[in-house]
Each structure stands twice: as structure tokens, then as C-alpha cells.
Amino acid sequence: MGRTWTGSRGTPALAALSAAGIAFTARPYHHDDGVSSYGLEAAEALGVDPARVLKTLMVGVDHLLVAAVVPVSGSLDLKALAAALGRRKAVLADPAAAQRRTGYVVGGISPIGQRQPSPVVIDTSALDHSTVFVSGGRRGLDVELAPADLIAVTTALVASIAAP
């Protein structure tokens, strides 16, 4: 790890990581348009434990869109997310609203380099690994980086927000 990646298929996420001086490895893979479980597809294609591959879900908490980052091997606990933010209720955001806010398509939403940055909450399980994978800003591209670097570049709150 430690190499940055740019080029004709660069994304705002990769640009943000490079600009921040964050060490990462771009991990492209072939995306099958017939697949709907993007995170599990990435884990399988990259040959890594799904617990290390994190999905970004855009969630409405009161009148705010929040990026919740949890392992693809589990699901998001909406009540735990709301509680972590001192709120009572959270609901998954409309996909079109998530795409407008982030500038990324569903299945390629990254917590990094969003068009309009959202508050980010990362599940504590990310800290169990030396590196984790998040979307690089398009389907078929993940980035591998240290959890501490992901937290730093997104100024994330870390909380127990995943459900098994």
C-alpha cells in the first residue's frame, strides 16, 4: 500500500485522498451490471473478507443527510446511528437524493470526496483491521486504506452502528 492512483478514470475520492496525502491503494475490479449487492461483489472480486469491505449508506437524520459506513457483511442499525448522533430517528435516504448530494451513483457512493460533504459515521468494527476497503467513487473501484486515515480524511465519528 502507499501508492496513489490517478489517471483517466480518476474520481473525486481518489483526488481527495491524494490531496490529503493519504496512503491508499486503488483496487479496481470488473463490475457486473446484473449484481445488486455491490459490496459483496467487491469483496468476492478482490478476494478479501467482507468484514473489511465497508459500504456507504446515505441516511436522513432529522433534516441532515449522513454517510453511515458499515461492513458489507452486516447491516446498518438505524436506531444506533440516530443515538450516536444524539437523535431519535434515522431513515435510509432516497437514492436520487443520495446521488445528488454525493455526486456518486448508488453502488459507487464513497464517504470521501462527496460533492457536498456529509457528516460521516464509521462503525467501530473498522478499527479491527489494519486496512479496510471503501468505494473509490464508482462501481468497480474500491480503495484500500488504514481505518485511521479513513477517519481522518472524512472527519468521521466512530460508533457502534452495525447490526450483524
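Author: Start with burial over the whole chain: 48% of the 164 residues are buried. The model is a predicted one.

Reader: What radius of gyration would a compact globule with 164 residues have, and what does the chain have?

Author: A compact globule with 164 residues would have a radius of gyration near 15 Å, and the chain has 14 Å, which agrees. Along the principal axes, the C-alpha atoms fill a box of roughly 40 × 35 × 30 Å. The chain exposes about 7,800 Å², and carbon and sulfur atoms supply 53% of that area.

Reader: Which elements does the chain have, and how many?

Author: The chain has five helices and ten strands. Of the contacts between residues at least 6 apart in sequence, 59% join residues at least 24 apart.

Reader: How do I read a sheet?

Author: The general idea is that strands of a sheet pair through backbone hydrogen bonds, either parallel or antiparallel. In this structure, three strands form an open sheet in the order β1-β8-β7, with antiparallel pairing. β1 (25-28) and β7 (132-138) stand at the edges with a single partner strand each, so one side of each has no neighbour in the sheet. From one strand to the next, the twist averages 35 degrees.

Reader: How many bridges join β8 to β7, and how many join β8 to β1?

Author: β7 and β8 (residues 141-145) pair over five bridges, while β1 and β8 pair over four bridges. V132 has L145 in β8 as its bridge partner, and S135 stands opposite D142 in β8.

Reader: Which residue in the hairpin of β7 and β8 takes a positive phi?

Author: G140 does, with a phi near 90 degrees; the hairpin has two residues between the strands.

Reader: Which way do the side chains of β8 point, and are they buried or exposed?

Author: In a regular strand the side chains alternate between the two faces of the sheet. In β8, L141, V143 and L145 point one way, D142 and E144 point the other way, and all are buried. β8 is thus mostly covered, with five of its five residues buried.

Reader: How do I read a nonpolar core?

Author: In soluble globular proteins, nonpolar side chains tend to be buried together. Here the largest nonpolar core has 26 residues, and V134, L145 and L150 have the most contacts inside it. At least two residues of this core come from each of α1 (12-19), β2 (54-61), β3 (64-71), β6 (120-123), β7 and β8. Another core lies apart from it and has twelve residues, among them V61, A68, A82 and A90.

Reader: Which residues does V53 touch, not counting residues up to four places away in sequence?

Author: With those left out, V53 touches G39, A42, A43, V48, V70, P71, V72, F133 and D142. V53 and V70 are 17 residues apart in sequence, and their C-alpha atoms are 8.3 Å apart in space. D142, also in that list of contacts, is the β8 residue that stands opposite S135.

Note on methods
Residues numbered from 1 in each chain as written. Predicted model: local features only at pLDDT ≥ 70, side-chain atom pairs only at ≥ 80, totals over all residues. Heavy atoms only, no water. Pairing = 2+ DSSP bridges. Axes fitted to C-alpha atoms, helices over the stretch in contact; angles between N-to-C directions. Core = buried A, V, L, I, M, F, W, Y, C linked by side-chain atoms within 4.5 Å. Buried < 20%, exposed > 50% of the residue type's maximum accessible area, 1.4 Å probe, protein only. Contact = heavy atoms within 4.5 Å. Rg over C-alpha atoms; globule rule 2.2 N^0.38 Å. Areas by Shrake-Rupley, 256 points an atom, 1.4 Å probe, with all protein chains shown as cover.
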